[in-house]
Amino acid sequence: MFGKKKTETVEVKEPKEPKPKKAVNMKKLEDLYYAAEDARKHAYAPYSDFRVGAALLVKPNEDSVLPKNKMYTGVNIENGSYGATLCAERVAFAKAISDGVLEYDIGENPFIAIAVSAGDEEALPCGICRQFMSEFAPEITVVTKADGQIRIRNLMQLLPESFQLNKDEQAAVAALEAADVTDDAAEVEEVPAAEPVEEAAEPAAEEAETEEKAE
Ligand code: ZN
């Protein structure tokens with residue numbers, strides 16, 4: 001034997017379903033689903049006609065200034081380029097985050113549940129949305145409806161072992177970016193204002209003439 005290393009095989013166990021950190025009753029999840037269903041009417045889906053509505057439930061800590069159970073709805077917004085299409089789930093998250101939800105003292109796991117409705121068909125979040133949501137709420141409850149029944153799943157079931165960028169690494173990247181922005185801003189201040197284009201064009205034309213004469 002020439003020091004051949006034995007490869008060890010480790011069995012990867014199925015992730016356990018996490019217990020919800022903040023209790024939400026079934027009635028609230030049903031209401032959330034109907035809010036998603038209601039939001040569907042605003043969907044912009046002229047190409048596929050597959051209309052989706054979402055409703056995101058945000059539950060901050062007791063002492064937060066934010067309302068106890070704030071709901072953000074979203075719809076799918078298609079685009080003629082197809083690639084620029086937005087899903088309802090990401091729109092709901094974007095609304096919540098752009099409202100500043102992450103800036104308040106909302107505690108851990110403020111995003112409790114997201115309901116998704118596509119009418120009679122059950123619509124589970126697509127792969128991009130699963131990854132997107134796992135950034136903010138890896139343990140969020142996903143509420144759908146199939147065969148007339150409300151269905152509850154955890155995002156960890158739908159996207160086990162999701163990609164998560166190391167937080168320390170994230171902080172380092174953010175610090176680098178912040179430093180770059182500051183340097184750029186300092187440079188911009190030092191650069192004198194650009195001459196108007198027309199004025200700048202004249203001397204250039206004269207120069208061209210001079211060159212012609214020289215020939
Ligand atoms: Zn999606």
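Which residue just after helix 2 takes a positive phi? Gly 100 does, at about 90 degrees.

1. **Ground rules.** This is a predicted model; local features need pLDDT of at least 70, side-chain atom pairs count only at pLDDT 80 or more, and totals for chains, interfaces and linings use all residues. Residues are numbered from 1 along each chain as its sequence is written. Helices (H or I, at least four residues) and strands (E, at least two) are DSSP runs, numbered from the N terminus.

2. Five strands form an open sheet in the order 2-1-3-4-5, with mixed pairing. Two strands pair if DSSP finds at least two bridges between them. Strand 2 and strand 5 (149-154) are at the edges, and each has a single partner strand, so one side of each lacks a neighbour in the sheet. From one strand to the next, the twist averages 20 degrees.

3. **Strand 1 and its partners.** Strand 1 pairs with strand 2 in the antiparallel sense over six bridges. Strand 1 also pairs with strand 3 in the antiparallel sense, again over six bridges. Leu 56 shows both pairings: its bridge partner in strand 2 is Tyr 72, and Ile 114 stands opposite in strand 3. Leu 57 has Ala 113 of strand 3 as its bridge partner. Val 58 stands opposite Phe 111, also in strand 3.

4. **Burial in strand 1.** A residue is buried if 20 or more other C-beta atoms lie within 10 Å of its own, exposed if 12 or fewer, and partly exposed in between; C-beta atoms are placed from the backbone. Six of the six residues of strand 1 are buried. Both faces are covered. Gly 53, Ala 55 and Leu 57 are on one side, with Ala 54, Leu 56 and Val 58 on the other.

5. **Strand 3.** Seven of the seven residues of strand 3 are buried, so this strand is largely enclosed by the rest of the structure. Strand 3 and strand 4 run parallel, joined by three bridges. Ala 115 stands opposite Val 143 in strand 4. Strand 3, helix 3 and strand 4 make a right-handed β-α-β unit. Right-handed means that, with the strands pointing away from the viewer, the path from the first strand over the helix to the second runs clockwise.

6. **Helices on the sheet.** Helix 1 lies across strand 1, strand 2, strand 3, strand 4 and strand 5, at about 140 degrees to strand 1. Helix 2 packs on the sheet and touches strand 1, strand 2 and strand 3; its direction makes about 140 degrees with that of strand 2. Axes are lines fitted to C-alpha atoms, for helices over the stretch in contact, and angles run from 0 to 180 degrees between N-to-C directions. The buried residues of helix 2 are Ala 88, Glu 89, Val 91, Ala 92, Phe 93 and Ala 96. They pack against strand 1, strand 2, strand 3 and helix 3.

7. **The core.** A nonpolar core is a set of buried Ala, Val, Leu, Ile, Met, Phe, Trp, Tyr and Cys residues joined through C-beta atoms within 7 Å. The largest one has 35 residues; Val 52, Ala 54, Leu 56, Ala 92, Ile 114, Ala 115 and Val 116 touch the most other members. Strand 3 gives the largest share, six residues. Contact means C-beta atoms, placed from the backbone, within 7 Å. Leaving out residues up to four places away in sequence, the contacts of Val 52 include Val 75, Cys 87, Ala 88 and Val 116.

Definitions and conventions. Contact = placed C-beta atoms within 7 Å.
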